[in-house]
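Q: Hi! Could you walk me through this model while I have it open?

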Amino acid sequence: MSVEILDGRTVQSFVEDEGDFNSCVDARFAALDADRDGRLSYAEMAGELMALRVREAHFGADAPAPAAELAELYGALFARFDRDGDGAVGPDEFRAEMREVMLAVASGLGVLPVQMVVEEGSLLRRAVDRELAAAMPA
């Protein structure tokens, strides 16, 4: 992890670069596809969904939640990715939902730079790296 300064434009620019964005998202999809069948099951995505920490309360401490509530929450998140409702997420579904997620992040960040912790290997890390590379003189 590292602390970076970024804004919504950093993320939006990355998403708009379809080649780079799709390459990164496709690599993440392949890493999650444990059985290599070209589709992600709930079990394959569960860790990724939980890593979103949607129940995080304050400074890394998770808010207590009943198991049933968490199961319902993660099931609903999986359903967002499984757009055709067939019980698995294909590469196009994964790419489309990740695009929406990242554009929502960009919108939430807005135009003023913010300092945030960015995980290594994350799409946000790639967005920051891409912006830094573009700013470097040739």
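**Helix packing and a few residues**

A: Happy to. The buried residues of H3 pack against H2, helix H4 (67–81) and helix H5 (91–109). Contact here means heavy atoms within 4.5 Å, and buried means under 20% relative accessible area, with exposed over 50% and partly exposed in between (1.4 Å probe, protein chains only).

Q: Which residues of H3 are buried?
A: They are Glu44, Met45, Ala46 and Leu49.

Q: Before we go on, what am I looking at?
A: This is a predicted model, in which local features need pLDDT of at least 70 and side-chain atom pairs count only at pLDDT 80 or more, while totals for chains, interfaces and linings use all residues. Residues are numbered from 1 along each chain as its sequence is written, and side-chain values use heavy atoms, with hydrogens and water left out.

Q: How many helices and strands are there in the protein chain?
A: The protein chain has six helices and four strands, in the order β-α-α-α-β-β-α-α-β-α from the N terminus on. Helices (H or I, at least four residues) and strands (E, at least two) are DSSP runs, numbered from the N terminus.

Q: And what share of the residues is buried?
A: Of the 138 residues in the protein chain, 32% are buried.

Q: Back to helices. At what angle do H1 and H2 cross?
A: Roughly 90 degrees, and the axes of H1 and helix H2 (residues 18–32) come within 5 Å. H1 is therefore roughly perpendicular to H2. Phe14, Val15 and Glu16 of H1 make the contact with Glu18, Asp20, Phe21 and Cys24 of H2. The axes are lines fitted to C-alpha atoms, for helices over the stretch in contact, with angles running from 0 to 180 degrees between N-to-C directions. Under 35 degrees counts as roughly parallel, over 145 as roughly antiparallel, 65 to 115 as roughly perpendicular and the rest as oblique.

Q: Where is Val89 found?
A: Val89 is in the loop between H4 and H5, and its relative accessible area is 0%, so Val89 is buried.

Q: What does Val89 contact, leaving aside its neighbours within four places in sequence?
A: Its contacts include Phe29, Leu40, Met45, Phe78 and Phe94. Gly38 is another one of them; Val89 and Gly38 are 51 residues apart in sequence, and 8.7 Å apart in space, C-alpha to C-alpha.

Q: Switching topic: is Arg36 buried or exposed?
A: Exposed, because its relative accessibility is 57%. Arg36 lies in the loop between H2 and helix H3 (42–51), and its phi is near 55 degrees, a positive value in a residue other than glycine. Most residues other than glycine have a negative phi.

Q: What about Arg125, buried or exposed?
A: Buried, as its relative accessible area is 8%. Arg125 sits in helix H6 (residues 123–135).

Q: Which side chain does the Arg125 side chain join in a polar contact?
A: That of Asp129, at 2.8 Å. A polar contact is a pair of N or O atoms within 3.5 Å; within protein, one must be able to donate a hydrogen and the other to accept it, and residues adjacent in sequence count only if both atoms are side-chain atoms.

Q: Last one: where is Asp7?
A: Asp7 is in the loop between strand S1 (2–6) and helix H1 (8–16). Asp7 counts as buried at 7% relative accessibility, and its side chain makes a polar contact of 2.7 Å with the side chain of Arg9.
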